[in-house]
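Me: I am new to this structure and would like to learn how to read its features. Please take them one at a time.

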Amino acid sequence: MTIRYPNGKLYTPAPSVTKTEKQGKTKDFSFSNRGKTLEDEINEANDYYLERRLAIIHKKPVPVQIVKVEYPSRSAAVIKEAYFRTPSTTDYNGVWNGHYIDFDAKETASKTSFPLKNIHTHQMTHMQQVTEQHGVAFIIIRFSAFERYFILPYEVLQKAWQAMTSGERKSIPFSTIEKEAYEIPTSYYPRIDYLPVLQQFIVAKSHGFESEEIIE
């Protein structure tokens with residue numbers, strides 16, 4: 001099926017983990033996690049939170065306009081071409097502990113930095129608007145070479161983005177990520193239990209407001 005952006009440009013999905021491994025970049029997955037994408041892991045965590053009534057966080061549906069359909073038989077329809085109706089904003093949003101949560105998920109194979117080309121202008125605009133309304137905006141990054149996960153606050157991302165638009169480097173050094181982001185430890189289930197780490201960020205951001213209990 002062919003899918004295009006609103007401007008008509010052809011949509012090309014990002015390479016999968018399996019394809020990367022075929023190119024010779026091996027990764028150290030546990031048996032239970034082998035082959036999962038970052039999206040799979042976040043969806044798993046969100047299902048866990050929902051089942052236990054800890055949070056309501058979902059992946060945003062992307063509106064698609066179908067323009068070409070073929071009918072190989074009376075009971076079957078095959079979509080051959082479609083367009084994204086509007087540019088996507090971020091991947092996930094929801095409510096947790098009285099906070100509006102809005103974030104994107106990004107993976108990189110780089111061992112030295114997070115490339116800012118993975119972020120789009122309309123996503124930055126959206127996260128800025130969320131922040132202005134006192135929502136919590138961030139991205140979750142997986143450095144696949146190390147199997148390390150981080151919550152990168154929008155404020156840190158914005159600073160790097162502004163530097164890039166001023167002609168400075170087009171990536172965030174891994175050393176900066178380690179210093180200014182919040183690392184998510186991995187566990188058995190869910191693989192990435194990110195809400196307790198998000199709590200740390202919210203408490204730090206509140207600058208003296210009474211902290212809430214971290215989810216155990």
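Me: Where is Asn97 placed?
Reply: Helices (H or I, at least four residues) and strands (E, at least two) are DSSP runs, numbered from the N terminus. Asn97 sits in the loop between β5 (92–96) and β6 (99–108). This is a predicted model, where local features need pLDDT of at least 70 and side-chain atom pairs count only at pLDDT 80 or more, while totals for chains, interfaces and linings use all residues. Residues are numbered from 1 along each chain as its sequence is written, and side-chain values use heavy atoms, with hydrogens and water left out.

Me: What about Glu147?
Reply: Glu147 also is not a glycine and has a positive phi of about 55 degrees. Glu147 lies in the loop between β8 (136–143) and β9 (148–153). Its relative accessibility is 11%, so Glu147 counts as buried.

Me: Which peptide bond is cis?
Reply: Most peptide bonds are trans. The one from Tyr189 to Pro190 is cis, with omega near -5 degrees. Pro190 belongs to the loop between β11 (182–184) and α6 (195–206).

Me: How do α3 and α4 pack?
Reply: Axes are lines fitted to C-alpha atoms, for helices over the stretch in contact, and angles run from 0 to 180 degrees between N-to-C directions. Helix α3 (residues 121–132) packs against helix α4 (residues 154–165) at an angle of about 135 degrees, and their axes are 11 Å apart. Angles under 35 degrees count as roughly parallel, over 145 as roughly antiparallel, 65 to 115 as roughly perpendicular and the rest as oblique. The two helices are therefore oblique to each other.

Me: Which residues touch the most other members of the largest nonpolar core?
Reply: A nonpolar core is a set of buried Ala, Val, Leu, Ile, Met, Phe, Trp, Tyr and Cys residues joined through side-chain atoms within 4.5 Å. Of the 25 residues in the largest one, Ile42, Phe103, Ile140, Tyr194 and Leu198 touch the most other members. Elements giving two or more residues to this core are α2 (38–51), β5, β6, β8, β9 and α6. A second, separate core of 21 residues includes Leu116, Met127, Ile139 and Ala160.

Definitions and conventions
Buried means under 20% relative accessible area, exposed over 50%, partly exposed in between (1.4 Å probe, protein chains only).
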